[in-house]
Amino acid sequence: MPQSFLLSIVIPNRNRAQTLLRSLMSLEGQTTDELDIIIVDDASETDLSAEYALAEKMGARVLRQPRHLRGSAARNRGVAEARGTHVNFLDSDDIWLPGRYDDIKAFYARPENDARVLICGALLHVGGEIRPAIQPRWKPGSSLVEYVYRDGGRVQTSMLTMPVGIARAHPFDETLRVNQDTDLAMRLDRAGIGFTVSPQPRLVKEETPRTDRLTTDNATIEWSHAWYQRESHDWSPSAKSGYFLQDRVWRLADAGRRGQ
């Protein structure tokens, strides 16, 4: 690993104040190394000037989108303006656990990992409780879609770290309204880019149900299904079944469409 190793952390944000500051605070004390923290505001409708001023005092850069372009565009903007050699994605309601930075730096210090994507383990915050997320073992030779939908593996944006060159060559699909993280990981896998899945939980993901989450919107259910129909032509029967059990079923249930 060259001495110039620098980690860029891209945090998209829209209207979140307290959780954004909580995310930023989780980065403090992780390292004495320089961090390139980039907050991309997705045309927030809430006045976040005080929070952003504090974020800048903490060393973050705040970029503002010209209009509401959603999370994929915000992440791509952050990657485009990243100064680091590697990029990590962090949702503005998730937090790092101690040791995350050390894990990332040690992983990319090994030459064999120069062109790999690191997926960390995670704990889940649900309604005030911290719950474990069981991450299955990555089977050598397994495809990413099999890992996610057959084996029940988690590959979500806040779990991903990769060389910045890979992130720029394979941006998030800005046309998607849902499944952006899985879609990106599938495209990376199809491009022959390797993954390493760490069993060590280094992240707390916010998964408390909220009525304002996009996942509960009826249109989102159909967007997800349209993505599945487009992408699943070469999936195994077990991966297809897994999509319905792990994606479509809970979206329908959260939207009150349990009869379906």
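The model is predicted, so local features are reported at pLDDT of at least 70 and side-chain atom pairs at pLDDT 80 or more, while totals for chains, interfaces and linings use all residues. Residues are numbered from 1 along each chain as its sequence is written, and side-chain values use heavy atoms, with hydrogens and water left out. Helices (DSSP runs of H or I, at least four residues) and strands (DSSP runs of E, at least two) are numbered from the N terminus.

**Aromatic pairs**

- A pair of aromatic rings is described by the distance of the centres and the angle of the planes. Rings of Phe, Tyr and Trp (its six-membered ring) pair if their centres lie within 6.5 Å, and planes under 30 degrees apart count as stacked, over 60 as edge-to-face and the rest as tilted; by this rule there are twelve aromatic pairs.
- The pair of Y228 and Y243 is stacked, because the ring centres are 4.3 Å apart and the planes are at 10°. This pair links distant parts of the chain, with Y228 in helix α8 (residues 218-231) and Y243 in helix α9 (residues 237-254), 15 residues apart.
- Y243 also pairs with F244, where centres 5.3 Å apart and planes at 85° make the arrangement edge-to-face.
- One aromatic cluster is formed by Y149, W227, Y228, W235, Y243 and F244.

- Buried means under 20% relative accessible area, exposed means over 50%, and partly exposed lies in between (1.4 Å probe, protein chains only). Y243 is buried at a relative accessible area of 0%, whereas F244 is partly exposed at 33%.
- Leaving aside neighbours within four places in sequence, Y243 is in contact (heavy atoms within 4.5 Å) with Y149, S224, H225, W227, Y228, W235 and R248. From C-alpha to C-alpha, Y243 and S224 are 10.0 Å apart in space, and they are 19 residues apart in sequence.

**Core and helix face**

- A nonpolar core is a set of buried Ala, Val, Leu, Ile, Met, Phe, Trp, Tyr and Cys residues joined through side-chain atoms within 4.5 Å. The largest such core has 64 residues, and those with the most contacts inside it are I9, I11, L24, I39, W96, M162 and W235.
- Leaving aside neighbours within four places in sequence, the contacts of W96 include L7, I9, L90, Y101, I104 and R202.
- In helix α4 (residues 100-108), R100, Y101, I104, F107 and Y108 are buried. Seen down the axis of α4, its buried residues fall within an arc of 135° and therefore line one face of the helix, the arc being that of the directions from the helix axis to the C-beta atoms.

**Hairpin and positive phi values**

- Strand β6 (residues 116-126) and strand β7 (residues 129-132) pair in the antiparallel sense over four bridges, pairing being assigned if DSSP finds at least two bridges between two strands. The bridge partner of L123 in β7 is P132.
- This hairpin has two residues between the strands, and G127 takes a positive phi near 55° there.
- R70, in helix α3 (residues 70-80), has a positive phi near 80° although it is a residue other than glycine, and it counts as partly exposed at 33% relative accessibility.
- N179, in the loop between α6 (164-169) and α7 (180-190), likewise has a positive phi, near 65°, in a residue other than glycine; N179 is buried, with a relative accessible area of 5%.
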